[in-house]
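Subject: Structure handover

Hello,

Here is the structure I promised to pass on. Please open it alongside this note.

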Amino acid sequence: MRSIRHYLLRTLAITMVIAGGVAVTAAYLITDHELEEILDTQLSLHSRIVAGQLDPNATIDDYARLASRMGLPGHPTQLYRDGIAVPLSRSESGPKLYHEEELKLVLGFWNADGSPRLLGGKWNAAGPFPAPLEEGFRWESYDGHRWRVFSMFDITTDTWISMGLRGSFHDEVVERITWNNLLPMLFLLPLLLWLMSRIIRRGIAPIQALSSQVQGRSARDLSEIDNPVPQELNGLRQSLNDFIARLKATLERERRFTADAAHELRTPLAALRIHLDNAQAGGEQSLQKAYIGVERLQRVVEQLLILARLDQVATTSSATIDLYPIIAELVAELWPLAEERDQHLRLTGLTRLEVRADEIEVGILFRNLLDNALRYTSEGGQVEVELALWEGLPQLTVRDTGPGLPEALLDKVTERFRRASGQGTTGSGLGLSIVSELVQRQQAILTLTNRVPSGLEVSVRWERVYACAS
């Protein structure tokens, strides 16, 4: 993935360039419009001032004097009589001090019939400038240039008056204003880019610091991240700390599980070796004890494999299943074990009870419950399996007449390798731990209760939607 700093710097730089271009374009268009309005106002105002100064009784000599004053060096004003150019008698060529921009502003007079009377120097370069046909503003092309012209007719003197400004003057002013706005931005752009780079670098420094702290840790360091971070990174830091806490708990659980599993496997293996040694010496009773040890070892390995499978599968699939045929099949499967110990095993309650669960996991769950009940119930005891509804919710209950559990152990017996002492069984301490794990995965509730006068009642109640019961 690309660098955040480079991405931000590049994006902001492009944004600044686009914003600057839009600003300059907007400034150009606004200036062009506003300047045209200003210059049109000036043309109109000065034309009216000139009209107010005209004398109705002015003679040709008066216009000749006006022509001599309007002329500029190299661009003399032309006087006309009856539409024909009249040479000026005075040798004066106009003012010696003038502004260069005056060459772009021209004044002209026409008779009422449209014949020229007096035209400024620029309006004589290619013949007389076109006479006005109506009052108001217009654009006129003349001698390769565009002119912005305002025309009015003075009734008092029967004279058309036009004042024009060459279009290039307007364009040059707009361009100068636009460049004056653009140049400071061009000079400031490198400085702004440098400042943005510094600001971005400083802004993402906490991210780099957080990354460095995580990267620099050893594999055994699972302490919380306590670096101060901006408000925007609090969520990330908290998520990392939550992940570290979950990882720490998982590793601790696995470490404890490995240690306990090693202990649980070492004990029956050591006992098995002793019994086998005694059996070699001719002890038949030791051979029977060795067989029991093999059974316990086999059960421990089976339970460990089940736990490993559950730990590897993060989620469980679910479907609507009927508990009765699953439970009935498992009861029939374990019936010979109960018969061998003269135990009474029976299935009661509903003959149809549907829940939303995983069929395989339900089978493992019930097998462990029933196996525990048979294992801890003495010879001649009773084990009852009941399918029922409890306040409208499907419930599976296993009751036995065994010794039960100490009250202090009821809440802890579902921990791995936790067993009640002094019961003389071959249990692994993993059965109820597997049951508890499966109950959580099935989103059900596990309840353990001691019975009177003796025995244990284990109930699993599903809170998910069930189809029907009968």
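Leaving aside its neighbours within four places in sequence, which residues is Ser459 in contact with? They are Gln395, Leu396, Thr397, Ile445, Leu446 and Thr447. Contact here means heavy atoms within 4.5 Å.

Some ground rules before the rest. This is a predicted model, in which local features need pLDDT of at least 70 and side-chain atom pairs count only at pLDDT 80 or more, while totals for chains, interfaces and linings use all residues. Residues are numbered from 1 along each chain as its sequence is written, and side-chain values use heavy atoms, with hydrogens and water left out.

Overall picture

The protein has 9 helices and 14 strands. Helices (H or I, at least four residues) and strands (E, at least two) are DSSP runs, numbered from the N terminus. Of the 470 residues, 36% are buried. Buried means under 20% relative accessible area, exposed over 50%, and partly exposed in between (1.4 Å probe, protein chains only). Take the contacts between residues at least 6 apart in sequence: 64% of them join residues at least 24 apart.

An unreviewed UniProt entry annotates residues 7-30 as "transmembrane region". UniProt positions follow the numbering used here, feature names are shortened, and annotations may be inferred rather than shown by experiment. In the model, that stretch is 100% helix and 0% strand. Its end C-alpha atoms are 34 Å apart. Gly21 sits in helix α1 (residues 4-53). Gly21 is partly exposed, at 34% relative accessible area. Gly21 and Met185 are 164 residues apart in sequence, yet 10.0 Å apart in space, C-alpha to C-alpha.

Five strands form an open sheet with mixed pairing, in the order β9-β11-β12-β14-β13. Two strands pair if DSSP finds at least two bridges between them. The edges are β9 (344-349) and β13 (444-450); each has a single partner strand, so one side of each is left without a neighbour in the sheet. Neighbouring strands are turned by 15° against each other on average, direction ignored.

Strands β11 (residues 382-390) and β12 (residues 393-400) run antiparallel and are joined by 8 bridges. Leu389 has Pro394 of β12 as its bridge partner. Helix α7 (residues 323-340) lies across β9, β11, β12 and β14 (456-462), and runs at about 170° to β9. Axes are lines fitted to C-alpha atoms, for helices over the stretch in contact, and angles run from 0 to 180 degrees between N-to-C directions.

Back to Ser459, which is in strand β14. Ser459 is buried, at 7% relative accessibility. Its side chain makes a polar contact with the side chain of Thr397 (3.3 Å). A polar contact is a pair of N or O atoms within 3.5 Å; within protein, one must be able to donate a hydrogen and the other to accept it, and residues adjacent in sequence count only if both atoms are side-chain atoms.

The aromatic cluster

There are 7 aromatic pairs in the structure. Rings of Phe, Tyr and Trp (its six-membered ring) pair if their centres lie within 6.5 Å; planes under 30 degrees apart count as stacked, over 60 as edge-to-face and the rest as tilted. Trp110 and Trp123 form a tilted pair, 6.0 Å centre to centre with 40° between the planes. Trp110 lies in strand β3 (residues 105-111) and Trp123 in the loop between β4 (116-119) and β5 (136-142), so the pair ties together parts 13 residues apart in sequence. Trp123 also pairs with Phe129: the centres are 4.0 Å apart and the planes at 15°, so this pair is stacked. Trp123 and Phe129 are both buried. One aromatic cluster takes in Trp110, Trp123, Phe129, Tyr142 and Trp147.

Best wishes
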